[in-house]
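This briefing is meant to be read with the sequence and the coordinates side by side. Please keep both at hand while going through the points below.

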Amino acid sequence: MEEKEWDKLASKYHDEVISPFFGEVENPLQGELRKIKDKKKKNVAEFGCGLFYLGEKLSNMFKQVHASDFSKEMVKKAIERNKSIIKKSGNLNIIQEDIREIHYKNKFDVIISVNSLLMPSLDDLKIAFNNLFESLKPKGTCFMILPSMESVIYHGHLLLHRELGKHDEKTAKKKAKVKFEHHKYDLFTGHYEDGGEKQKFYYKHEIKQFMKKAGFKDIEISKVKYSWGKEISDYEDFPEEPRLWDWFVKAKK
Ligand SMILES: C[S@@+](CC[C@H](N)C(=O)[O-])C[C@H]1O[C@@H](n2cnc3c(N)ncnc32)[C@H](O)[C@@H]1O
């Protein structure tokens, strides 16, 4: 999805986007941010901040906060949402910029990207990972949340096994594939395409590749776990089964 598509989503964000900041989500980010020492002497940046739900927290925790998004509408809404904090704290700056075009060098102690590296081009992603690495200070920490391809496939298998309980194997596979929207996924490259819009999902091994190639070290990958029900939008529910997830990434420069 490009800038204009995100512009359209800015006003109906909650209906369309599954968020790791709302509901009963198990999200390691808050705990990890709390563990960072001397935050009042440090600066932080969130790239692809959307409506910037982290605004108040980051502003209270850190000395200086930079937030950006390539969608003009998202930036407008993020400034609106955070205007009292911007005024009160004086340490918060929200601007429009594309992660593929930033040129910061060793600037931030901590950088955050939450489900913002979704562009389909692998070349663009390589540039984005490199740019994030360059923008981080030596020994700085990077936190990312990235959509999990394994979680999508896991959900597909839950669908398949539900159908196997109701039909013969051939019918069950056919029905599960339809529900899974099999034709919309490229399971090799990790892409989902719907109505001409394409989004990237990540295999865990692939995240390690991107991160290592960009220069990151001490790469730790865990899960952001979503609750069944409303939090996973129109995905079919399996409340008795382990939950769906995004990847949570912590790495150092
Ligand atoms: C799923 S939303 C997440 C927003 C926010 N991080 C959150 O979790 O609430 C993805 C955001 O990334 C932004 N984005 C996507 N590609 C981008 C790029 N190349 N440069 C900057 N922002 C980008 C979109 O405009 C959108 O606001």
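Among contacts in the chain between residues at least 6 apart in sequence, what percentage join residues at least 24 apart? In this predicted model, the figure is 70% of those contacts.

**Overall form**
- The secondary structure of the chain consists of ten helices and ten strands.
- With a radius of gyration of 19 Å, close to the 18 Å that the globule rule gives for 253 residues, the chain is as compact as a globular protein of that length.
- Taken along the principal axes, the box that the C-alpha atoms fill comes to roughly 65 × 35 × 35 Å.

**Burial**
- Across the 253 residues of the chain, 32% count as buried.
- In strand β4, which spans residues 108-114, seven of the seven residues are buried, so this strand is largely enclosed by the rest of the structure.

**Pairing around strand β4**
- Strand β1 (residues 43-47) runs parallel to β4 and is joined to it by three bridges, and within this pairing Glu46 has Ile112 of β4 as its bridge partner.
- Strand β5 (residues 136-147) also runs parallel to β4, to which six bridges join it, and here Ile112 stands opposite Phe143 of β5.

How values were computed:
Residues are numbered from 1 along each chain as its sequence is written. This is a predicted model: local features need pLDDT of at least 70, side-chain atom pairs count only at pLDDT 80 or more; totals for chains, interfaces and linings use all residues. Helices (H or I, at least four residues) and strands (E, at least two) are DSSP runs, numbered from the N terminus. The radius of gyration is taken over C-alpha atoms; the globule rule is 2.2 Å times the number of residues to the power 0.38. A residue is buried if 20 or more other C-beta atoms lie within 10 Å of its own, exposed if 12 or fewer, and partly exposed in between; C-beta atoms are placed from the backbone. Two residues are in contact if their C-beta atoms, placed from the backbone, lie within 7 Å. Two strands pair if DSSP finds at least two bridges between them.
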